[in-house]
Amino acid sequence: QVKLVESGGGLVQAGGSLRLSCAISGNTFVMGWFRQAPGKEREFVAGITYITGTTRYADSVKGRFTISRDRAKNSVFLRMNSLKPEDTASYYCAAKYSYSLAADGASYAYWGQGTQVTVSS
């Protein structure tokens, strides 16, 4: 069983930065960040293999967002720079046991409760 708790969301102006955190209880192989805006489907943002640190990003956030993990603190982070209004969404941390850095949310078994990110123009 894996428990995930996100934090760090908030309101920021366009061009600003935020850092999301996900505290992990339990063992996991791959961690992902997803987001969902009102009226839109959930989309993959970034993923990281917990042991090796291999990363994968959605094209829409490449060069602006950075996913990282701190194994000693059992946490995963999402640093978001140059935020745009279209980044506004609820952001969710997710975990899976397989080593595949999949962008498919259905392959992730565990999810946090989400944290809201709002970017004003």
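This is a predicted model: local features need pLDDT of at least 70, side-chain atom pairs count only at pLDDT 80 or more; totals for chains, interfaces and linings use all residues.

Reader: Over how many bridges do β3 and β8 pair?

Author: A strand here is a DSSP run of E at least two residues long, while a helix is a run of H or I at least four long, and both are numbered from the N terminus. Two strands pair if DSSP finds at least two bridges between them. In this pair, R19 stands opposite R79 in β8. The two strands β3 and β8 run antiparallel, and their pairing covers 6 bridges.

Reader: Which pLDDT must side-chain atom pairs have to count here?

Author: Residues are numbered from 1 along each chain as its sequence is written, and side-chain values use heavy atoms, leaving out hydrogens and water.

Reader: By how many degrees are neighbouring strands of the open sheet turned against each other on average?

Author: The open sheet has 4 strands in the order β1-β3-β8-β7, with antiparallel pairing. Its edge strands are β1 (3-7) and β7, each pairing on one side only.

Reader: Which residue in β3 is the bridge partner of S7?

Author: The antiparallel strands β1 and β3 are joined by 5 bridges. Along this pair, V5 stands opposite A23 in β3. For S7, the bridge partner in β3 is S21.

Reader: How far apart are the C-alpha atoms of T66 and R79?

Author: T66 belongs to strand β7. Its relative accessibility of 40% makes T66 partly exposed, since buried means under 20% relative accessible area, exposed means over 50%, and partly exposed lies in between (1.4 Å probe, protein chains only). T66 and R79 are 13 residues apart along the chain, yet their C-alpha atoms are separated by 5.0 Å.

Reader: What phi does G39 have in the turn between β4 and β5?

Author: β4 and β5 are antiparallel and joined by 6 bridges. V30 stands opposite T49 in β5. The two strands form a hairpin with 6 residues between them, and in its turn G39 has a positive phi of about 80°.

Reader: Which residue takes a positive phi in the hairpin of β5 and β6?

Author: β5 is mostly covered, with 6 of its 7 residues buried. It is joined to β6 (residues 55-57) by 3 bridges, and the two run antiparallel; G47 stands opposite R56 in β6. The hairpin has 5 residues between the strands, and the residue with a positive phi near 80° is G53.

Reader: What phi does N74 have?

Author: Most residues other than glycine have a negative phi, and most peptide bonds are trans. N74 sits in the loop between β7 and β8, where it is partly exposed at 37% relative accessibility. Although N74 is not a glycine, its phi is positive, at about 50°.

Reader: And what is the relative accessible area of S82?

Author: S82 lies in the loop between β8 and β9. It is not a glycine, yet has a positive phi of about 50°. S82 is partly exposed, and its relative accessible area is 41%.

Reader: Is G16 buried or exposed?

Author: G16 is in the loop between β2 (10-13) and β3. From G16 to S68 is 52 residues in sequence and 19 Å in space, C-alpha to C-alpha. With a relative accessible area of 19%, G16 is buried.

Reader: How many residues lining the largest pocket are charged?

Author: The largest pocket is lined by 13 residues, and R35, K40, E43, E86 and D87 lie nearest its centre. On a 1 Å grid over the protein atoms alone, a pocket is an open set of points with protein on both sides within 12 Å along at least five of seven lines (a cavity is a set where a 1.4 Å probe fits but cannot get out), and lining residues have an atom within 4 Å of a point. Asp, Glu, Lys and Arg count as charged, Ala, Val, Leu, Ile, Met, Phe, Trp, Tyr, Cys and Pro as nonpolar, and the others, Gly among them, as polar. The lining has 2 nonpolar and 3 polar residues, and the number of charged ones is 8.
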